Every structure is written in C-alpha cells, then in structure tokens.
Amino acid sequence: MPQANASAPADFIREIIDEHIRTNRFQSRVATRFPPEPNGYLHIGHAKSICLNFGIAAQYGGTCNLRMDDTDPTGESQEYVDSIIGDVKWLGFDWEDRLYYASDYYEKLYQFAVQLIKIGKAYVCSLSANEIREYRGTLTEPGKESPFRNRSVEESLDLFKRMRAGEFKEGTHVLRAKIDMASPNITMRDPIMYRIRYEPHYRTNNKWCIYPMYDFAHCLSDSLEKITHSICTLEFENNRPLYDWFLDALELESHPQQIEFARLNLSYTVLSKRRLIELVENGNVGGWDDPRMPTLAGLRRRGCTPEAIRSFCERIGVAKNDSTIDMALLEYCIREDMNERAPRVMAVLRPLRVVIDNYPEGQIEEFDCPYHPQNADMGSRKVPFSRILYIEQEDFMEKPPKKFYRLAPDKEVRLRYGYFVKCVNVVKDPNTGEVTEVHCTYDPETRSGFAPDGRKVDATIHWVSAEHSVPAEVRLYDRLFSVANPLEAGSDYVGHLNSKSLEILRTCRVEPSLKGVAPGSRFQFERVGYFCVDPVDSSDQDLVFNRTVTLRDTWAKISEKERR
RNA sequence: UGGGGCGUCGUCAAGUGGUAAGACACAAGACUUUGGAUCUUGUAUCCCAGGUUCGAAUCCUGGCGCCCCAGCCA
C-alpha cells in the first residue's frame, strides 16, 4: 500500500484526528472506510475519497475497510461490485480481509430497528408516499405529526414483523424514527428507516422485502465495523445529527465521528454517477471505460497510471470549499508521471511522403535511438532509415509563417537521430494543389544529427521509414465537454459535449520496434504526446493506440496567437 | 422570510492576531538532437462595511454572495 509521505498535507480532517489522538478519543485508534454503493463505476471523484480514507489509515497506522453500501436493490449489481473492487485495487490500495457489505448487516439492522420500536423511538407509519411528503412540511414551515405516530409499541412491532414477512404491498407502510416533525433540519422530521420493496437484491435475492435507508444503515454499519472517522462529502452535513441520533438512541459504544469534505469537481467533465450513467446509456460514449470518461476504468484505458491519479489527489487538497479543479492539473499530473516512465518512440500520425533524392536507392541504415533522453538505463532500439520516409503533414509548410521552424522549401531541418535534410522540391496534386510529396537532399556528413561544420538547424522533426514502418490506428481523445462547466446553464449539459472529443486516425505509421507491443503499454510518440496500446481493441495484426494526453505544445500557442 | 455549510491570486490551497506558503494556469527569459523535459523570474492585501488592537486574512458587529436539505436515493 502506498505510504503517505512525511510531507503529506495537513488538512482539516487530519487536524481533527490529531486532536482526537491528543484527547484519547477512540483510544488513539484510526479506522476509516470507503463505502461506495455498487450502482455505477467509480470515477476520479471517488479516487479523491479513496486516497483520503486509505491514505489516512496508512498514515496513522490504522485500517480502512472497503464496504459496499448496498441498501437499495434498485440498480445495484455484482458487475459494479467487481468493477469497484478492481478499481480500488488498481489504484493501489489494500483492504486486506476487510471487504464488507451493508447487506450482510440486514439481520442486525432489523434487530436494531426492533429495539428502537421497543423503546418508543420508532414507529410504523401507514401514510402514503404523497401524504408523507405533505406532512413533512417545507423548508420554512414545520411538518405535521403522522396520525400513526402514537401507535402502540405492540402494534408497530407487529406491523414491522409483518412488513418483513411480506404481508403488505409496497408503499403501504414504512418504519420511521420518532424525532421531531418541527425540526428546522428536515432530515430530523421523523425520517424513514425502512421501506417495502419487492425487488430481488443482487446478494440477498428474495430473502428481504424491506430495505433499510441510508441514514439508518450507514451509521450502524460504521458502528458495527468500529469505524472511528466516517468521512463523507458535504451534502451529508445535514444528516450528521441523524447519524448521531441513531447511535445515541441505541446507546452504542462505538460512535464514529462523521466528518464532511468537499467533493471533487473537474472542469470540462461531469462527475455525478447519474450523469455518467446517462452518457453510457444514451450512447454518447462507448461505455464506462470509454477513454473520455472520468471513470477510473476510462482513465485506465486511456493510459493513466494509478500513480498519476494518486499524485493528482494529493495535490488538490482536502477542504470544505466548493471547488472545481482545472482539468489542466490532471493533465499536468499525467504528463509529469509519463515523462519519467514512457519510452520515446517515433510515430507519424498524418503521413506526408518524403523522398531523399540523393540517398542511394535500396540503401538501409539503422540508427541507434535511446528510449529516454534523460535516462540511459531505459536502453535504446534500432530504427531503420531509407530513401523514402514519412513525416508529419503539419511539419511541412509550403508557405511558412514567420515563426514556423520546421520543413519548408529551401529549409534545412534535422531528422531526429538521423541526417539534416533540405527541401528542394514539392509534388502537388494537380487538382487540389495539395502537397503530396516532398523532395529533399540529405547531407551525408550529418549522420546522427550533427554537422561537422557546426551549422545549426531550427528544428528537429520525427519520421519513419516508409518501407519499414508499420500501420496503426490512433485514437485522439480530447476533453469530453467543450465548456469548462457543462452543468452551468441548467440541464442541457449533453449539448455541450465536445464533438471533437474523439478523432480516429487510420493511416498512421509507427516505427517497427512497436510491432507486437503488449496491450496497455505506454509510449511517448516524440513531439506528439503520450499514448497507450488499447487494452481492448489492439492486437498484433491491428495496432491501436489511445492518446492519453498531448505534450505541452508551445507551438500551438504561438500559432494560435499569431492567428488572432 | 427555516436550518446547515462556505467565501484568501484565473483555478485549487496554506495561514489559527505580528505584517499573504506552495501547486496548476499565465507571462518573460535561459538551455535544448522532442517548439518536450529542465532551470530562472514575474503576478493577490485576503467578499464588503464598520469596530477592537501598537498591529487583523485571522477577533467583534452588520451586510452581500455561493452551495446543500422538502427521494419510501446515497
């Protein structure tokens, strides 16, 4: 398990824990948990919580449990459980043998409910859903007490037993806590503890037809697991009094401290399970693991490493301010990580044919090219060079603007790890005027990239040998949404989907060393970006690369500025 | 016109009465066989208004703004 380093940021949660340790609350124990509901895939917002909970446990020598908060059979499934387990593991965290399920506590939870009825703190209410809503009051008006509120303990006990036995239809009865219908905190207005639902649960199947609500189940699950710090997001702040109320009413010894922090928002994407499900179900993306998705599955398929995501989670901090992190920070973390680990390799995404007029026909040379400019330990590979090459279309301009350093008529550039070449002629499509082939001469004295006479070139460009390179498909991914805050103006966030979030290039040529690379392996295509062999669609016969993130592109900024 | 939370650089975020850390972004420059990487440099008086104090982002008072809560979701 990754250890929190000594310089781990001291956020307000850690301050609270330090205080608890100082005052010997919880006997200096620290026990946290990550409690997802298995009704969707984990996203990077969950990663923040995972890193927080597991990170704190590691830092304080405590434990962190993984618990499926599966109290609502609707939408929950084993598929999601499996994905959650895989994702947390992939992120690099270990819950050892502490994988728990709220559904395993159903019987105990039922007994707790019975106990609350017996001490007069819970009752079966037979109002309809609509009536319950009406009786609840509004934000500014107090609620009214249910006519069933003072039902006898015996009657509630009997009814509750029969609810469990399946004697009633859905919606006819619920179990409620007897608190205060006039509370200014709506959460405390006799909250529902159990509802009837004739829906098979993915784990308990048809054993139960009553299911506990979050507020009732969560605090008790925490207590049963002897959690000390129950960390959740800000929207549960209103629920904290209720969290405490149940534990106090049952006089439980294990009474965790709930602490709330601000959930993660990321620009140019959405991070709510509901919307992510919509994107998947509407077919706006290819699935939960579509590389454009902010899900852990999507980020993984795109090529992100767990290290990059953990680094991101450390950098963003933990506080109570509503905040939106700039996507640029995530991209930075990915580049930072990739820069160190990705072998450099050459690939031409949009090929332009180059003929070296004075290079002997049929001659082939092999250049030894290091995999990493700053790390010789990563070794090198041989890259073949020949008379006909491909370069990137955008690396040649017939009429270059002032600051364009690359190849142009009469201009000399260096081919990476190869020779200096000078453009002497172009061939154009007679109909479109488009340049279809560039003719160059090379200087044999400049082999491996240096001129003995000391002359310099403005640019170094990448290339592949036409004959030796291998074809590949490259998928260029970009931000999912075209605006920073897709949710800003109401609900038409789908309208802000970035139509250019995926561009598929099918005529790419990559250097021959890439033949047979393992799915999931990551590379830097020099001067282009970081790429990952698609773990799903790539094969030895058909190479498919996903762009994880571009390189920082100063030229793009300059040319953008010039255009304005 | 209820209750709960939050307001420090474009975006995050330290700061806990002693004179505004850091990161990303941005800008300028150095270096460079990736217009990459790296390195230097630059950029805020703290939502507003009063008050307390020798001294306030930090304390007090009053405003203003934003978020959450009226699921038999979590």
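**Cavity linings**

Modeller: The second largest cavity is lined by Tyr214, Asp215, His218, Cys219, Phe236, Asn239, Tyr243 and Gln258, where a cavity is a set of points, on a 1 Å grid over the protein atoms alone, that a 1.4 Å probe fits but cannot leave, and lining residues have an atom within 4 Å of a point. This is a predicted model, in which totals for linings use all residues. Residues are numbered from 1 along each chain as its sequence is written.

Helix 7 (residues 214-224) provides the largest share of the lining of this second largest cavity, 4 residues; helices are DSSP runs (H or I, at least four residues) and strands likewise (E, at least two), numbered from the N terminus. By class, its lining comprises 4 nonpolar, 3 polar and 1 charged residues, with Ala, Val, Leu, Ile, Met, Phe, Trp, Tyr, Cys and Pro taken as nonpolar, Asp, Glu, Lys and Arg as charged, and the others as polar. The space in the second largest cavity is about 40 Å³, a volume being what is filled by probe spheres set on the grid points, which are joined across faces, edges and corners.

Among the 20 residues that line the largest cavity, Arg292, Leu299, Arg302, Met327 and Leu330 are the closest to its centre. Helix 12 (327-341), helix 10 (296-302) and strand 27 (544-550) each supply at least two residues of that lining, with helix 12 giving the most, 4 residues. The lining of the largest cavity divides into 13 nonpolar, 5 charged and 2 polar residues.

Terms used: Chains lettered and ligands numbered in written order. Predicted model: local features only at pLDDT ≥ 70, side-chain atom pairs only at ≥ 80, totals over all residues. Heavy atoms only, no water. 1 Å grid on protein atoms, 1.4 Å probe; cavity = no way out; pocket = protein on both sides within 12 Å on 5 of 7 lines; lining within 4 Å.
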